[in-house]
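Subject: Structure handover

Hello,

Here is the structure we discussed, handed over for your use. My notes on it follow below.

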Amino acid sequence: MTSALDRLRAVNWRDYVVYFAFALVFVYFAITQSEYFLTTSNLTNVIIQAAPITVMAVGTVFVLATGEIDLSIGSTVAVAALVTAKVLESTEVWLLAAGAGILTGLVIGLVNGLFVTVVRLPSFLVTLATMGLLVGVARQLTDLKSVPVLDDSFVWLFGGGEIIGISILVWWTALVVFVGWHVLRQKRFGAHVLAVGNSPAAAQVTGIRVARVRLAVFMISGATAALAGILYSGRLQGARYTLGESDMMSVLAAVIVGGTALVGGKGAVVGALAGSLLMAMINNGLILAGLNVSQQMIVRGVIILIAVSLSLRAKKSN
Amino acid sequence: MSQSSPLALRGITKQFGAVAAIERFDLEIEAGEIVALVGDNGAGKSTLVKIISGLYQPSSGEIVLNGKPVNFRDASDARAHGVEVVYQDLALVDQQPVYMNMFLGRELVKGPLRTLDRARMAQETQALVTELDVRIPSPRAQLSDLSGGQRQGIAIARATHWASGLVLMDEPTAALGVAETAKVEETILRLKERGAAVLVVSHNLEQVYRIADRVVVLRRGKQIGTRSLADVEKNELVGMITGLVQ
């Protein structure tokens, strides 16, 4: 009996907070907003709205699990989306356009990673700087003008398409979450990411190439941010320098609420998905409840505060 | 002295600029032997361990493993040659299960996707901790749930698992209490029974007498003496360490 009790006590409840919160908020909105909230089209809409955030959140899980942070993801979204739209405009080959977008993200991640591993600066400072730099690049690229995306295949594949009646954005979300989960949980690389985040010294003496792991997570983060940008431009049928500009906080909130430690060593990809859907659901419910944008932002800020407090409190009690 | 003792050091010297951290150090450790390395702070004990484990390259001299002269580029090179080190600060990952720590950096994988083979890692970990009598709740327990002694037991088990006959220990019980130290010493003695050669740095002379067969005294980089513990009185040993005995 005691052992069962002990086992219950040993469970780190914070790991599951996101699922309880998800269930709670779901039930709350289902009761208070019953006529529209529970419709399939609204619930699908929540996942679709959340898709870019979810995709970025998966990359961010890797960065945070390594004990680093990437603040530049929001501005990477805009730059990658604009590069994609421009390449699509001039070549009309969707594969080339999407490839150029992803490559942009990888290069940004590589630069971030090199400053962290070779120049040995804290990632907070490096990505704060590149964030500002990329905001400038995004504005400069098209002189603040938006670039339309008209290619049918591109729009189908990254925005409006459906496979067996399910939005392509739901499929993208599922694919990225599955791959992220698989790599973090099932691959040696994932184990090394967690080891580096937990104890870089221990990782080093056991022969894990710490710098290479750090470099890789920034490139993953850059790539997922770029994919998010591509998904935005597909859904909105155009790219604009403002894309992703307020996403960084939403992503961090989703990931931290989802159970990934801000200090490294712990990562939860499925939790990040739940966190992202939770945030989107709250947004959705608040809109249905008639709150305006300012009010939504206030509520979101409060939620982030609560999430971070929970995360750090759990750390102390350990 | 057999040709193929697990470790032979011949004339190891390490200069840092004009300062000799280690001068012409010679030692041979046989299989199933525990040699203690003692000396005051700054005597060069850690430097010597770092040389053997590949973190430093000797300025001159020769490291011979199982009869073969070796030249390590770095720590992972030394590890590839089967030299394992147990550090006093453990070098373990707290938020991972015991079995992942055991296989850290050398995780077992299975299948065409090369996914982690958690079941086999847990199983091999269980076999090893059973053999070394390191008592832990489960190989799947998270490391942070173990006591200091259990963790050091895991660190030693890990070194044992990957070592090809030679295990270096840098103050393995420095961070532990009395009961836990006793437990870890038992584990070290079990390594000896298995035929491992163990070089252990220790500040604790009682411990040296409890577990070691021979002792090497370093003072300011000089090898003051190498004695069988059966032949040396504690007073004399203290004298060698402090410089009262020349």
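At what angle do helix α5 and helix α12 of chain A pack, and how far apart are their axes? Please keep in mind that this is a predicted model. Helix α5 (residues 73-91) and helix α12 (residues 210-236) of chain A pack at about 55 degrees, and their axes are 7 Å apart. Angles of 65 to 115 degrees would count as roughly perpendicular and those under 35 as roughly parallel, so α5(A) and α12(A) are oblique to each other. Their crossing is right-handed.

On the α5(A) side, the residues that meet α12(A) include A:Ile73, A:Val77, A:Ala81 and A:Thr84. Among those on the α12(A) side are A:Gly222, A:Ala225, A:Gly229 and A:Tyr232. The residues of this contact divide into eleven nonpolar and six polar, with no charged ones.

Next, the contact between the chains. Chain A puts in 16 residues and chain B 17 residues. On the side of chain A that touches chain B, α10 (188-198) and α11 (200-205) of chain A each supply at least two residues. The most comes from α10(A), with five residues. By type, this side of chain A has seven nonpolar, six polar and three charged residues.

Last, a hairpin in chain B. Strands β1 (residues 7-16) and β2 (residues 19-29) of chain B run antiparallel and are joined by seven bridges. One of the pairings is B:Gln15 with B:Ala20 in β2(B). Two residues lie between β1(B) and β2(B) in the hairpin, and B:Gly17 in the turn has a positive phi of about 65 degrees.

Regards

Definitions and conventions. Residues numbered from 1 in each chain as written. Chains lettered and ligands numbered in written order. Predicted model: local features only at pLDDT ≥ 70, side-chain atom pairs only at ≥ 80, totals over all residues. Contact = placed C-beta atoms within 7 Å. Helix = DSSP H or I, 4+ residues; strand = E, 2+ residues; numbered from the N terminus. Nonpolar A, V, L, I, M, F, W, Y, C, P; charged D, E, K, R; others polar. Pairing = 2+ DSSP bridges. Axes fitted to C-alpha atoms, helices over the stretch in contact; angles between N-to-C directions. Parallel < 35°, antiparallel > 145°, perpendicular 65-115°, else oblique. Left-handed = near helix turned anticlockwise from the far one by under 90°.
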